[in-house]
Every structure is written in structure tokens, then in C-alpha cells.
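Thanks for coming. Please have the model open while I talk.

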Amino acid sequence: MRLLCFLLFACVFSPLTRCEEKRIPEEKLLVVTVATKETDGFRRFLRSAKHFNYTVKVLGRGETWRGGDYMGPPGGGQKVRLLKEALEEMKKKDKIILFIDSYDVVFASGPKELLKKFQQARHKVVFSSESLIWPDRHLEDKHPHVREGNRFLGSGGFIGYVPNIKEMVADWKGEDSDSDQLFFTKTYIDSAKRKSINITLDSKCRLFQNLHGALDEVVLKFEDGRVRARNLLYDTLPVMIHGNGPTKLQINYLGNYIPNTWTFETGCTVCHEDLRPLTALKESEYPLVVIGIFIQQPTPFVAVFFERLLKLQYPKNRLKLFISNQETHHERQVSSFLQDHGKLYQDVKAIGPEKELDGTESRNLGFDMCRKDKDCDYFFSVDVEVVLKNEDTLKVLVEQNLPIVAPMITRAGRLWSNFWGALSADGYYSRSEDYVDIVQGRRVGVWNVPYVSSVYLVEAGLLRTELTDFNLFNSHILDPDMAFCHNIRSKGIFMYVTNMHTFGRILSTENYKMGHLHNDLWQIFENPVDWQERYIHENYTLIMKNQMVETPCPDVYWFPIFSDVACDHLVEEMEHFGKWSGGGNTDTRIQGGYENVPTIDIHMNQINFEKEWHKFLLEFIAPITEKMFPGYYTKAQFDLAFVVRYKPDEQPSLRPHHDASTFTINVALNQVGLDYQGGGCRFLRYDCSVEAPRKGWALMHPGRLTHYHEGLPTTAGVRYIAVSFVDP
């Protein structure tokens, strides 16, 4: 009993007993790493070290790296040489060194936890561990067995006291290109050296987590505003995460969250750091940007693309354009834009289809234009199918101050986007765990990703230093964008996508019909959002708020439906088709072959527009019908839909009649007073006329029984209307 009391007394009052070892002061720790140049990975490492207040000493700055390619054969001897040289200046025996790779490492916790776990290891030097042996498999049997955990040494990280580490590297006489992994492995498997130096492995990944061979074991752990990596196999929380070997993309993914880069509580914590603000600059001081525009296939709404380009909020005298158009179909839109607006820009270079360049050649040329222009600060690559709704997109990207950054764009109603969150083993698309949350905006930030396409900004300095190869987009097996991203990744350069703002979307180019004058009219199915923006009246949405419906006559409703562009395109399409009916009673286009009240017209089905017209009626007319005629629901079926042409010397008017419909839609396609004189519609029963139809506005009225009406004479010019006889 007296002995038990003594032991309890000793544990409480003596800090030097075995009951509780004295904690190692954090100032005893020095982090040492080798970095011959500052890479994106190195900067990420330093940010994580700064976050936890580690003291870091960097070796090899300014030296040429001779230690081999991290994705190639074994190397790394240069690191051992530099460490050995640095240790000669370190005299304090109680100093603790953490020697760690930096290009592919992030800290997940601070010095206090690191030192505590080091103490608990009960050894003077602790190496990271791996489940895979490398580079010499013949040494497998010589490794000591462990009761639980990884058996093999990993040279990417170790921690220990200075005297012990000095003893460990004292025998190094290798070349810079020799394998550091093999050197440390041979030291470890030598039982005498292992005992003398007092080396052990962090077998359960309490300090170090090497990802190679352990990807299925590691998950993100979100808790109380912190993000850690958790090893599920050993239920540990490693202090450092190392993307060794072929796991660079996985460390990039984890680095989007660790350490506290993004949390559920705070969102992105680093997205406003290291920005390049433009607000204080004069327009003449803005970075010069070369915008590369690539037209590689028939694409809808190309004219709208150039309209949006003009609206970009960036000084045009600080922009140069490189336009590569491979489609004869789009020469008219390109030449029209350049003729009207080309002089606004500092310089323009356009390459047309006659040059017969493919996508690879044109993109290489565009990048080279910026690379060789000493004034070029950024290259902004934009495919013509990109819909940039945010006029500040270019400013936002420049201000991010990143090597390569893309604005996140998606395809309307789908999970398709212009970035990949992960890659499959063969280098193609794979969905990351956070992909859907990023695309749908549940996680907002700036994300390090392995692939971007369609629209992105490249810092010109990269093109003149790391990316000097002209053939960045070339590959025998990959498409140009994939080849470009592969080349970027192989250089250790990070690509980012930001969803901090809403930027726009990308068009579908599938099923783009080219047999018409205005092919965009047929895009209501493939690109419904863009079709609506182009062709539906800007005030259409106010109709449902009872702010834009007029009642000029009883049960006649008047409201905006088409934009001016829609009206013009429909008229021009009909005139381009040109097969107007003769206006006689005999009409083989309709069932029975007889028209009681004939007009000079072209039916929608004659230009293969009936499916698109039905979709228009269903999407934009049916909701108004149900609002104006309560209790009436329609699937917008129609017997007839056509465009009528009225001319004084052809058919100026239409005699009184009933329409063969439940209700009729009559849309004015041009402007009274400007395009024609006279015209209008008179409802005889109510002696009520609409004599000044507004372009793009529709009259909706019952067809049978009550609304006997006539078309008033057109006295000059040409009047066009689009008519639909609609039934349930």
C-alpha cells in the first residue's frame, strides 16, 4: 500500500518520471526540405507549413536538379547530399529534424501533435512506411516483420535527432542521381545500423501517410471546422500527407481541403489570398491578354458569341485577338464581327478555313503568338461554343493570379462541365467524390483539378519558361485538350477551376442542322436556354406577374412573345425558302385539299419546323393560355401553323372568318409604320380592332364561334404574321 502511494505521488509531482515524459518544446523542431525551384506544389507545402507555424529550412535553392525524374527511375541522391552538408552546421544534440519532400506533401496538423507522436514511437529516428517495396524487390525478405502495419520504409519523410541522423547519412558517398530510397532501405535492413541509429517505421501512419499503395485506405475527415486525412485501415490521423510515386493527382485533390483549405463551416479559406487586384489600375496598366477564339465545328449562336465578346468588361486596347475558324459555314459571322468591331482591339489575327489547320495546329499557333509577344501577359483560350454570361469573367480570372485557371461552365440541365475532378488509370475521365457538389454549387471555391477545357486563362510566363514546347497540344493517342493537360501535369504545374462566380455554360453542338438560312432557330431542343435568350421577348417573364398582358378586345389577349431577332429570322427563313402559296382555295398541303379562307403563306412543316414550333407553343404559349383561360389545359396541338404575307399588290387583307381552332395565336413579325402601312385585325362581333400590332407581340383569342374577325388592308410595304390554330 505504501509503495502504491509513492508511485502515485511520483506521477503527480515529478515531471521526469516514466508516467509522463516531458514534452519536447516545439522550438527544438526544424523542418528541412529540398527544393531547387519553386513549383506550385512547393508553394502549397509552404502554405500548409505556415498555417501550423512550422519553421522550414529549404536546401538546394538555385541549384540544378540532378536527382532524376520523380516519375522515372529511382533517384533523389541529391537530397541526401544536401542534407548531409546542412547537418554539418547543426551542433545541438537535442535538435530534432523533420526531413520531408515538399513538392507533393501537405501538413495536416501542427508541431505539437507531430512531436507527441514522435515521442510515443520510442525511437530516435522514425521513417514513413509503405505497403509496397521499392526500388529493389529482392530486399523484401530482409525487412523486419511488424506486428501490424506497413513493413517497408519510405524515404520521402523521416524525423529524428540530429546526432542520429548524422550517423545515418555519414556513409553517403553516392551520386546525386543515385537512389535515396535504396540507401535508406539498406541502412534500415542492416540490423546493426538500425539498432545503433535507433530507427523504426511509422507502420500505422500516425505521422506520415504515403498515398502510393494506400489510396483506398485514406479518406477526408471533416470535423469541427477542421479537415484531416484519416487512415481507415489503422484508424489514424497522419500529420503529413505525401503523394509519392504516381499519386500526384490524389494529393492535389486532398490539398483542396487539407489543411482547412475548404471546410463546410468556412467554405474556401484561401480563395482571397495572393490575388492580383485590378481595381486600382488605369486601363493602360491592365495586363495585356491575347484572346484565342477557336471555331472547330458547326456551332449554334456564333453571332451571339461575338456579341458577348464585345461585352467583356476589359479594356479593348489591352486585348489582342487570335481567331482560328475552321468552318466555312461561320465565315460570315467572323468577317462581320471583324469588319464592325475589329479596330477596337489592339491587334487581330484571323485564320480562316482556307488554311486547312486542324484543332491541334491552330491551338499551338495561338499559344505561340502569346509566347513570342513580349507584351503578352496572359492567353485566354475560348472555344466558340462557350457562353460567357458573366461580363467580368476575364477580370475575375486575371485577379486569381494563378498559372492556369478556368471559369467553371456547365451544360444546362446536365452534370457536364469543362473540368474533370479525377482521372482514370488510363488517363481519361473519372468522377471525383466532390465533382457533383462543385458542379451544383454546394461546394464553392478554387479547385486544383487534373483537366480543364473549352475556356481557361494561361499565365504567359509559363509559356516562356516551363511550356516552351510548340507542340503542347500534339499527341498520337489523345485529343488536343487532353494532350495539353497531360503536358501541364507532367511539368508539375497546377490547373484550377473556380466556381466562386456564375460564369456561363457551354452549348451542345450535337444535331446542329445546317440546311437552313438561320439554323439557330432549330436549337430549341438541343440548347433551350440559349434559344429562349435569343428568340423569346425579354419581357416574357413579366406575363405571369400580370404586368405585360393587355386586353384590347373582349377575350383577346395581347402579350410579348418574340424578340426582334426571332421575328427577323423567321421572316428571312420563309423568304429564303420562297415557296409561297398562291392564295387560292385549292391547297394540296392541307387535308381535303380545300382552303375556305386562303392566304398567301408558307406552312411550318414546309421548312421542317413543325416539331420546333410545337415545342415553342407548349413551352411558351400553353402556360399563358392556362392563365388567361382558367380551367383550360392544352398540349398545344395544332392543325395549322404558318407565316402569312400581306402585300397591297398581292393579298392586302383577309375577309371575315372564324378560325378552325379552339384558340388562335397571331404573332406580328415586323413593324407597322416602318415595314408596312395599314394592317391589323378587327373582331366584328365587338367592333374592336387592333390596328397597330407590335412586332414580336402575340394576339391570342378563341377561334370558333365567338371571335369572327378579319385582316385589315395592308396599304404599303409587306406585312408578315405567324399564325397557329391550336387545339387541346
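Cys 370 and Cys 376 form a disulfide, with their sulfur atoms 2.1 Å apart; a disulfide here is a pair of cysteine sulfur atoms within 2.5 Å. This is a predicted model, in which local features need pLDDT of at least 70, side-chain atom pairs count only at pLDDT 80 or more, and totals for chains, interfaces and linings use all residues. Residues are numbered from 1 along each chain as its sequence is written, and side-chain values use heavy atoms, with hydrogens and water left out.

Back to that link. The angle about the S-S bond of Cys 370 and Cys 376 is -85 degrees, and the link is left-handed. Cys 370 is buried at a relative accessible area of 0%, and Cys 376 is buried at 1%. Buried means under 20% relative accessible area, exposed means over 50%, and partly exposed is in between, with a 1.4 Å probe and protein chains only.

How many disulfides does the structure hold? It holds 3. Another one joins Cys 268 and Cys 271, whose sulfur atoms are 1.9 Å apart. That link of Cys 268 and Cys 271 is right-handed, with 95 degrees about the S-S bond. Cys 268 has a relative accessible area of 17% and is buried; Cys 271, at 4%, is buried too.

Then there is the disulfide between Cys 553 and Cys 688, S to S 1.9 Å. Its torsion about the S-S bond is about -85 degrees, so the disulfide of Cys 553 and Cys 688 is left-handed. Cys 553 lies in strand S28 and Cys 688 in strand S36 (residues 688-690), so the pair ties together parts that are 135 residues apart in sequence. For the labels: helices (H or I, at least four residues) and strands (E, at least two) are DSSP runs, numbered from the N terminus. Cys 553 is buried at 2% relative accessibility, and Cys 688 is buried with a relative accessible area of 14%.

Cys 681 is buried, at 7% relative accessibility. For Cys 485, the closest cysteine sulfur is in Cys 370, 17 Å away, which is too far for a bond. Cys 485 is buried as well, at 0% relative accessibility.

S28, the strand of Cys 553, belongs to an open sheet of 7 strands in the order S28-S29-S37-S33-S40-S31-S30, with antiparallel pairing. Two strands pair if DSSP finds at least two bridges between them. The edge strands are S28 and strand S30 (601-603), each of which pairs on one side only. From one strand to the next, the twist averages 25 degrees; axes are lines fitted to C-alpha atoms, for helices over the stretch in contact, and angles run from 0 to 180 degrees between N-to-C directions.

Within this sheet, strand S31 (residues 637-646) and strand S40 (residues 719-727) pair in the antiparallel sense over 9 bridges. Arg 645 has Tyr 720 in S40 as its bridge partner. Helix H18 packs on the sheet and touches strand S29 (556-560), S31, strand S33 (663-668), strand S37 (697-702) and S40, and its direction makes about 100 degrees with that of S31. Contact means heavy atoms within 4.5 Å.

Last, the aromatic rings. A search of the whole structure finds 47 aromatic pairs. Rings of Phe, Tyr and Trp (its six-membered ring) pair if their centres lie within 6.5 Å; planes under 30 degrees apart count as stacked, over 60 as edge-to-face and the rest as tilted. One of the pairs is Phe 42 with Tyr 103, edge-to-face, at 6.5 Å centre to centre and 85 degrees between the planes. Phe 42 is in helix H2 (residues 40-51) and Tyr 103 is in the loop between strand S3 (96-100) and strand S4 (105-107), so the pair ties together parts 61 residues apart in sequence.

Is Phe 42 buried or exposed? Phe 42 is buried, at 0% relative accessibility, whereas Tyr 103 is partly exposed at 32%.
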